[in-house]
Amino acid sequence: MAMIQIKNLIHKYMTYGDSEEEVQEIKAIDDLDLSVQKGEFIAILGRNGSGKSSLAKHINGLLMPTEGAVYVKGMDTREHSQILKIRQSAGIVFQNPDNQIVGTIVEEDVAFGPENMGKPVEDIWRRVTKALSDVGMLAYKESSPNRLSGGQKQRIAIAGIMAMEPECIVLDEPTAMLDPQGRQHVLSLVKELNREKKITILMVTHHMEEVLLADRIIVMSEGKIVSDGTPKEVFSKVEMLKSLGLEVPYAAELAYELRKEGVPLSDEIITKEELVEELCQFV
């Protein structure tokens with residue numbers, strides 16, 4: 001069974017102008033199909049308005065399909081009785097950790113999820129200690145979240161999800177509000193959660209260095225999936241990505257320009273190291 005199965009998903013919403021007549025129907029997701037296997041690390045890439053954040057919210061049951069269906073471990077997000085179990089299986093982390101932190105003390109905030117799951121007290125604090133240890137924030141358990149840096153707050157937000165022991169974590173632009181150091185800390189943690197703890201990761205992002213961490217990249221445009229493959233497969237489509245207003249890794253773009261000038265380089269170059277290695281063959 002797939003971890004996540006999405007079938008013919010359509011999500012529509014209405015926008016309203018100054019008058020009642022100024023009503024427009026927007027199709028944020030347009031007949032989308034997607035299958036995610038347990039343990040995958042997927043980056044979802046696309047410009048603002050492409051539907052990637054709407055997709056993320058459907059996986060956690062924060063949005064309901066207008067048409068089609070979303071299944072998490074076989075559970076239908078349209079079934080209200082399944083929502084709690086779905087959110088225990090697939091937690092979501094937003095770009096602004098301040099919108100997700102509810103406790104005045106770090107350990108109380110991390111305990112919030114397991115408490116709402118009705119877990120025994122001993123199990124709650126076992127989960128809290130483990131989650132804080134896993135994100136490297138155990139020393140801050142008695143601190144106020146308000147005194148933490150952006151990167152530390154995001155780690156606490158991730159710990160709060162981990163304390164619910166999900167099999168999948170959806171991250172919606174998790175480093176958008178962080179400085180470079182905070183971004184690197186969060187990315188290292190996300191990679192570790194996937195590689196060592198086998199947690200399925202879906203990360204919505206537009207940062208190229210984050211995209212390259214993934215095993216699989218999904219590119220969205222106008223609510224549809226326009227490309228789905230490994231980083232090498234996706235970034236070999238330089239012209240397509242640029243036509244969508246997306247950046248590509250610098251090495252991939254430079255290799256593309258050199259190929260246009262007749263230099264026989266592989267179309268699978270995506271890192272500086274790969275580009276240097278191929279160019280050294282001509283020296």
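Author: The expected span of a helix is 1.5 Å times one less than its number of residues; helices (H or I, at least four residues) and strands (E, at least two) are DSSP runs numbered from the N terminus. The model is predicted, so local features need pLDDT of at least 70 and side-chain atom pairs pLDDT 80 or more, while totals for chains, interfaces and linings use all residues. Residues are numbered from 1 along each chain as its sequence is written, and side-chain values use heavy atoms, without hydrogens and water.

Reader: What span does helix α6 reach from its first C-alpha to its last?

Author: Helix α6 covers residues 180–195, which is 16 residues. At 1.5 Å a residue, 22 Å is expected, and the span of α6 is close to that. From first C-alpha to last, α6 reaches 22 Å.

Reader: Which residues outside its sequence neighbourhood does Val186 contact?

Author: Val186 sits in helix α6 and is buried, at 0% relative accessible area. Contact means heavy atoms within 4.5 Å. Neighbours within four places in sequence aside, the contacts of Val186 are Gly151, Gln154, Ile158, Thr175 and Leu178.

Conventions. Buried means under 20% relative accessible area, exposed over 50%, partly exposed in between (1.4 Å probe, protein chains only).
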